[in-house]
Protein chains: 2
Amino acid sequence: MAEPERIAIVGMGLIGGSLALGLRRARPTLRIIGVDLDERTREQALEARAVDAATSLQDAALEVCDGVVLCTPAAALLEMLPGVSARMRPGALLTDVCGAKERICQEGARQDRVVFVGAHPMAGTEYRGFSAANPALFHGCTVALCPATGAKDPSAQRSALELVREIWTAVGAEKLLEVDPAVHDRAVTFASHLPYLAAASIVESLLSAGGDSLLARELAAGGFRDTTRLAGDGTVGGAAALNRFIPEAARALAGRIRALADQLEQDPSAALEKLVRLADERRRMRMPAVAAAGTTPLVAPLRSR
Amino acid sequence: MAEPERIAIVGMGLIGGSLALGLRRARPTLRIIGVDLDERTREQALEARAVDAATSLQDAALEVCDGVVLCTPAAALLEMLPGVSARMRPGALLTDVCGAKERICQEGARQDRVVFVGAHPMAGTEYRGFSAANPALFHGCTVALCPATGAKDPSAQRSALELVREIWTAVGAEKLLEVDPAVHDRAVTFASHLPYLAAASIVESLLSAGGDSLLARELAAGGFRDTTRLAGDGTVGGAAALNRFIPEAARALAGRIRALADQLEQDPSAALEKLVRLADERRRMRMPAVAAAGTTPLVAPLRSR
């Protein structure tokens, strides 16, 4: 595969900025156009040499790009997708990083000028903006990919998929998983969106605790910090709002918590038995190691696929 | 205050074991009796020189101790409290580490042979047993104290409170907060018990996801890991079961999650606005730093009070 020569990254926040920094290190000859509506962010990206050029979306030379990666929040991403694809070179790659894939991939499939391949890197932090961007953010992470289906040009489709795989492999992703968009959304419901909504609701509980809230904050230890850390990443909410599996799953979670409350009252030993079993299951789960961005090797080797 | 000469620690798991190791370092002349029903645990504690003697509860020379610290799971603690106090030297200190204080302190106040002072160190990990014990576990932590009220002997009461403060200060606690047991329990409802029950319920959701569960685990990133870490600590459940504020608070949390699910369906922009506000609030919360046990200084200075 020929190396891509030019790509545009739209949205230079934590994810887009980290992608630009990671690609810059791994592919020094690649030309990267950074697109952001915030002038200060564009300046920061240029100063950090994350991008070769930084522009607004209106001024971006999308037509010269081999690939465009949409890294804006979910709602904006859905809105800009048709306009962006219409300005791109026919057959080029359009991709994204949104945490919900079904609605985005449907929108991507409504045109056949470019090849839309949905992508979702399983990485992030609760910090936001280009100033939190880190070239090692995606090192070792898993990326879910939703290849285009039924497009007219199989060769363009193949090239687009190769290019998106090349992009994520270059920045250090360890595993690229091709999944159906709906299957992806059902899985992230449990892996990410429910934990996020629960974390946000616990923060809301604490804020509503009135006079107890100050002492509660004094007494909050690592357990509260970790359980609610995800609530600080407001961008997950945008993806959760696009995930059609969320309302039912969240109501089921609410039902589980209510049932546990009732059981703690009526049959505490059965409740404790269940909690101990869940604790054992949780400890047995193979979980990704604590992110050690900054200490992980910053080399992002091109892997053979 | 004279240094204590002998204390017994009942239950040599993560908390009891860490307390023994920390006291051993800070107070080399203190004699520590380690009590555990598991013979292998007693051997481990002796091998690690955490204790001077290790026995079963039945064989422990409680009558020679200036203080006894109960570090067993909540239900066992409540059950053994009367029998332990009856065997102790009159006027000595009996204390504990349970995460719920009202029921335990009520039980402690049902005798006046010894002075019961409730304590709750805000520290822990998801790992269990003496093999996870760490002399620095309490370094920098906050300890909630519930002093005895209405006991007959004010001087014994004063000495007991001084001794329990000495114990926690010696192992590095940074802040000792005297609180009413019910006020404590309301505060930990939000700081600890609700986050724990939500984490356990999210683990249960994932386990119940059937065919989606394997992909969900593949896609689980740091967010899931952190949100559910607390669920691995089954001992929190025992304390939550003794906390009379839990059922109502957990049902309110379930209501919040259900309302959020409904709002995401019916008025997603209002839901997102709320989630962004909660994310801002969460980021503004002063949270304890990531526990760096093993890298923190292991010196536990005696602070003047």
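Me: How do the residues lining the second largest pocket divide into nonpolar, polar and charged?
Reply: Keep in mind that this is a predicted model. The lining has twelve nonpolar residues, five polar and four charged.

Me: And what's the volume of that second largest pocket?
Reply: About 320 Å³. Of the 21 residues that line the pocket, the closest to its centre are C105(B), A109(B), P147(B), A148(B) and T149(B).

Me: Which element gives the most to that lining?
Reply: That's α4(B), with four residues. The elements of chain B that give two or more are α4 (102–108), β6 (115–121) and α6 (181–207).

Me: OK, switching to chain A. At what angle do α6 and α10 of chain A cross?
Reply: Roughly 60 degrees, and their axes come within 10 Å. The crossing is right-handed.

Me: Which residues make the contact there?
Reply: From α6(A) you have T189(A), H193(A), L194(A), L197(A) and A198(A), and from α10(A) there are I246(A), A249(A), A250(A) and L253(A). They split into seven nonpolar and two polar, with no charged ones.

Me: Why does G91(B) count as partly exposed?
Reply: Because its relative accessibility is 29%, and partly exposed covers what lies between under 20% (buried) and over 50% (exposed).

Me: What does G91(B) contact, leaving aside neighbours within four places in sequence?
Reply: R113(B), V114(B), V115(B) and A156(B). Also, G91(B) and Q157(B) are 66 residues apart in sequence but 7.8 Å apart in space, C-alpha to C-alpha.

Key:
Residues are numbered from 1 along each chain as its sequence is written. Chains are lettered from A and ligands numbered from 1 in the order in which they are written. This is a predicted model: local features need pLDDT of at least 70, side-chain atom pairs count only at pLDDT 80 or more; totals for chains, interfaces and linings use all residues. Side-chain values use heavy atoms; hydrogens and water are left out. On a 1 Å grid over the protein atoms alone, a cavity is a set of points where a 1.4 Å probe fits but cannot get out, and a pocket is an open set with protein on both sides within 12 Å along at least five of seven lines; lining residues have an atom within 4 Å of a point. Grid points are joined across faces, edges and corners, and a volume is the space filled by probe spheres set on the points. Ala, Val, Leu, Ile, Met, Phe, Trp, Tyr, Cys and Pro count as nonpolar, Asp, Glu, Lys and Arg as charged, and the others, Gly among them, as polar. Axes are lines fitted to C-alpha atoms, for helices over the stretch in contact, and angles run from 0 to 180 degrees between N-to-C directions. A crossing is left-handed if the near helix is turned anticlockwise from the far one by less than a right angle, and right-handed if clockwise. Contact means heavy atoms within 4.5 Å. Buried means under 20% relative accessible area, exposed over 50%, partly exposed in between (1.4 Å probe, protein chains only).
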